[in-house]
Amino acid sequence: MIFRGTGALIFVIDSQDDYMEALARLHLTVTRAYKVNTDINFEVFIHKVDGLSDDHKIETQRDIHQRANDDLADAGLEKIHLSFYLTSIYDHSIFEAFSKVVQKLIPQLPTLENLLNIFISNSGIEKAFLFDVVSKIYIATDSTPVDMQTYELCCDMIDVVIDISCIYGLKEDGAGTPYDKESTAIIKLNNTTVLYLKEVTKFLALVCFVREESFERKGLIDYNFHCFRKAIHEVFEVRMKVVKSRKVQNRLQKKKGATPNGTPRVLL
């Protein structure tokens, strides 16, 4: 019942502890889940790496990766793919790992990435992220490499925007929400870079890195953002229509398989 409707299975291993028992449990869990659902993405978080040196991190990841895949090979399950991430709660690595896990579950991801590539290339923007505001997971970014420091700045900006909006953005009676369609923010850094945040949906925000000279054409950026925002809404509207259509088809199929009084038809 658990694994049949699961898109991803995340298994957390304590990197500072003896992980032999954890690897045995990982193998058992993965093999049982795979028998029920072959479409599950298996994600392994090697956690608490903040207490390890850089060399020890690499060695621990290599050892866990080797042992886990060897166990699957011995069981004749080489086709099962495990993804490994080094994570810690003391930096943003845990958020980045969850971002990559969630992105694998988004069927519209190629479309979102393509829209972001078009947007930044026509707006003079260096980097853009599409964030889930509550969790600070980025569900999509453009094709340029992701730098951890850049990602951390984006997360910090979202925190600043929400915190200030909670103080100054609500009505006197406390009504309203700290994040809505009017939410926007500009933060200028001391290295001639501008951070620009705009609301996309009530759950999503676009955070961009722009050079000061490029940000002088803010009107062009805002116009391109309007086109981008409209395209994002259309992408998700198509998805909602597909899901709704499938639900209607399922209901019709169930009705066809039942008699007028609701009991299933049985072939004699």
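This report describes the overall form of a predicted protein model and two of its residues, Leu-9 and Tyr-168.

Local features need pLDDT of at least 70 and side-chain atom pairs count only at pLDDT 80 or more, while totals for chains, interfaces and linings use all residues. Residues are numbered from 1 along each chain as its sequence is written, and side-chain values use heavy atoms, without hydrogens and water.

The protein has seven helices and eight strands (DSSP runs of H or I with at least four residues, and of E with at least two, numbered from the N terminus). Its radius of gyration, taken over C-alpha atoms, is 23 Å, well over the 18 Å that the globule rule gives for 268 residues, so the protein is more spread out than a compact globule. That rule is 2.2 Å times the number of residues to the power 0.38. The C-alpha trace spans about 70 × 65 × 40 Å along its principal axes. Buried residues (under 20% relative accessible area, 1.4 Å probe, protein chains only) make up 38% of the 268 residues.

The two residues compare as follows; exposed means over 50% relative accessible area.

Leu-9 has contacts (heavy atoms within 4.5 Å) beyond four places in sequence, including Phe-3, Thr-29, Ala-33 and Asn-41. The C-alpha atoms of Leu-9 and Asn-41 are separated by 6.2 Å, although the two residues are 32 residues apart along the chain.
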